[in-house]
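Good morning, everyone, and thank you for making time.

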Amino acid sequence: MMDGAGSVDRRRFIKGAATGALASAVPGAMRAQDHNHEHQAVPSDPALRTKALESLLVEKGLVDPAALDALVDAFENKIGPRNGARVVARAWSDTAYKKRLLEDGGAAVEEMGFPGMHGEHVVVVENTAKVHNLVVCTLCSCYPWPLLGLPPVWYKSAPYRSRAVIDPRGVLREFGLDVADDVEIRIWDSTAEIRYLVLPERPAGTEKMSQEELAGLVTRDSMVGVGKVKAA
Ligand code: FE
């Protein structure tokens, strides 16, 4: 369950958050020097409190830092995105399920046995050849975590939160995604009440794949709308 590199990254991030060095953790061109709006110099209150609690628990020997890392790794890389991927794979394979998912995301997700959103609604938006959906939380970091796990650092960063709205095509280009001019980009701003999940386009050449094989192709980024699913 432990992932060495992942734990180091998380530790570095916690340290970075404490010194306000969040910008170093976001993709290159989204860094502070490239634009001139205000940045969070001080980490959020919950981030500081979490760090303080973690330090205290570790110091008193009540918590093993390795166990904490394993938990975070599970939410970040194992449980989270895989649930969302299974929802997407089923929607690709089962037309009736896809219809239910787009009409009432919460009910369709619960139908798969995944935990609810704790009072929030999940809305699923479909990418097509003509529409590309992109999810952001401009206010903080709202995210459908029972489906996608913990949000990545860039999702929580001030540059992503502002630039996804101001210059979505530029942001997508930085993620390696060129969206053609004739494709409409729709931005969805997550809130405490509504969390969005992108249903990415099914790649060509996957017609014979099982749901499990399809789920293996679906990435977290494709369900946030900053990536596409590739056939292999
Ligand atoms: Fe938020």
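Among the contacts in the protein chain with a separation of 6 or more, 71% are between residues 24 or more positions apart, where two residues count as in contact if their C-beta atoms, placed from the backbone, lie within 7 Å. Please keep in mind that this is a predicted model, in which local features need pLDDT of at least 70, side-chain atom pairs count only at pLDDT 80 or more, and totals for chains, interfaces and linings use all residues. Residues are numbered from 1 along each chain as its sequence is written.

Let me turn to confidence. The pLDDT, which is the predictor's confidence in each residue on a scale from 0 to 100, has a mean of 82 in the protein chain, and 78% of the residues reach 70 or more. Confidence is lowest in helix α1, residues 4–19, at a mean of 42, and highest in strand β2, residues 131–136, at 98. Over residues 1–40 the pLDDT stays under 50, although the model has 58 contacts beyond four places in sequence for them. Where pLDDT is low, the predicted coordinates should not be read in detail.

The protein chain holds eleven helices and four strands; these are DSSP runs numbered from the N terminus, with helices being H or I of at least four residues and strands being E of at least two. Of its 232 residues, 31% are buried, and a residue is called buried if 20 or more other C-beta atoms lie within 10 Å of its own, exposed if 12 or fewer, and partly exposed in between, with the C-beta atoms placed from the backbone.

Now to the strands, which pair if DSSP finds at least two bridges between them. Strand β1, residues 121–126, and β4 pair in the parallel sense over six bridges, and the bridge partner of H121 in β4 is I194. Five of the six residues of β4, residues 194–199, are buried, so this strand is largely enclosed by the rest of the structure. Strand β2 is mostly covered too, with five of its six residues buried, and six bridges join β2 to β3 in a parallel arrangement, where H132 has I185 of β3 as its bridge partner.

Which residues touch the most other members of the largest nonpolar core? In this core of 40 residues they are V88, A89, V135, L197, V218 and M223, a nonpolar core being a set of buried Ala, Val, Leu, Ile, Met, Phe, Trp, Tyr and Cys residues joined through C-beta atoms within 7 Å. Helix α3, residues 65–93, gives the most to this core, with six residues. Leaving aside neighbours within four places in sequence, M223 is in contact with residues including G84, V88, L148 and L197.

In helix α8, residues 158–166, the buried residues are P159, Y160, R163 and A164. Seen down the axis of α8, these fall within an arc of 115°, taken from the directions from the helix axis to the C-beta atoms, so they line one face of the helix. The buried residues of α8 pack against β2, α7, α9 and β3. In helix α2, residues 45–59, we find V58, which counts as partly exposed because it has 13 C-beta neighbours inside 10 Å. Just after α2, G61 takes a positive phi of about 75°.
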